[in-house]
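Subject: Structure for your review

Dear colleague,

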Amino acid sequence: AALKHFKNYSHIVFTSKTAVTLFFDFAAVFAIPKKEILTKVMIAIGQKTAAKLKAYGIEKLLIAQDET
């Protein structure tokens, strides 16, 4: 699974609210501490996706200007 190599990533792109939920569910399974998650650049595609990330406590993120 990709999360086994989480330390190697610098950026994480989320394309939906569901992707955010699944990421945090799997992060819990793989025991990835929030402190480590916060070291990554988070990118949200869309305002709803950004709002979901903020609900998980992610305040430092980039939000794509265009969304469909």
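**Contacts of isoleucine 45**

Apart from neighbours within four places in sequence, isoleucine 45 is in contact (heavy atoms within 4.5 Å) with Val13, Phe14, Thr15, Ala64 and Asp66. The model is a predicted one, in which local features need pLDDT of at least 70 and side-chain atom pairs count only at pLDDT 80 or more, whereas totals for chains, interfaces and linings use all residues. Residues are numbered from 1 along each chain as its sequence is written, and side-chain values use heavy atoms, with hydrogens and water left out.

Isoleucine 45 lies in the loop between E2 and helix H3 (47–55). Helices (H or I, at least four residues) and strands (E, at least two) are DSSP runs, numbered from the N terminus. With a relative accessible area of 32%, isoleucine 45 is partly exposed; that class lies between buried (under 20%) and exposed (over 50%), using a 1.4 Å probe and protein chains only. From C-alpha to C-alpha, isoleucine 45 and alanine 55 are 15 Å apart in space and ten residues apart in sequence.

Valine 20 belongs to helix H1 and is buried, at 0% relative accessibility. Its contacts, leaving aside neighbours within four places in sequence, are Phe14, Thr49, Lys52, Leu53 and Tyr56.

Together with Phe26, Val29 and Phe30, Leu22 makes a nonpolar surface patch of about 380 Å². Such patches are made of residues with over 30% relative accessible area and no salt bridge; like charges are joined within 9 Å and nonpolar side chains (Val, Leu, Ile, Met, Phe, Trp, Tyr) within 5 Å.

Alanine 31 is placed in the loop between H1 and H2 and is exposed, with a relative accessible area of 60%. Phi of alanine 31 is near 55°, a positive value in a residue other than glycine. Most residues other than glycine have a negative phi.

Glutamate 36, in helix H2 (residues 34–37), is buried yet has no salt bridge. A salt bridge is a side-chain nitrogen of Lys or Arg within 4 Å of a carboxyl oxygen of Asp or Glu. For glutamate 36, the nearest side chain of opposite charge is lysine 7, 4.8 Å away; Lys and Arg count as positive and Asp and Glu as negative, while His and the chain ends are not counted. Glutamate 36 is in contact with Phe6 and Lys7, neighbours within four places in sequence being left aside.

Lysine 40, in the loop between H2 and strand E2 (41–44), is likewise buried without a salt bridge, and its nearest side chain of opposite charge, glutamate 36, is 5.0 Å away. Not counting residues up to four places away in sequence, lysine 40 touches Phe6, Lys7, Tyr9, Ser10 and Ile12.

**Histidine 11**

Histidine 11 is located in strand E1 (residues 11–14) and is partly exposed, with a relative accessible area of 44%. Its C-alpha atom is separated by 4.5 Å from that of valine 41, 30 residues apart along the chain. Val41 and Ile43 are in contact with histidine 11, when neighbours within four places in sequence are left aside. The side chain of histidine 11 also makes a polar contact with the side chain of serine 10 (2.7 Å). A polar contact is a pair of N or O atoms within 3.5 Å; within protein, one must be able to donate a hydrogen and the other to accept it, and residues adjacent in sequence count only if both atoms are side-chain atoms.

Yours sincerely

Key
Areas by Shrake-Rupley, 256 points an atom, 1.4 Å probe, with all protein chains shown as cover.
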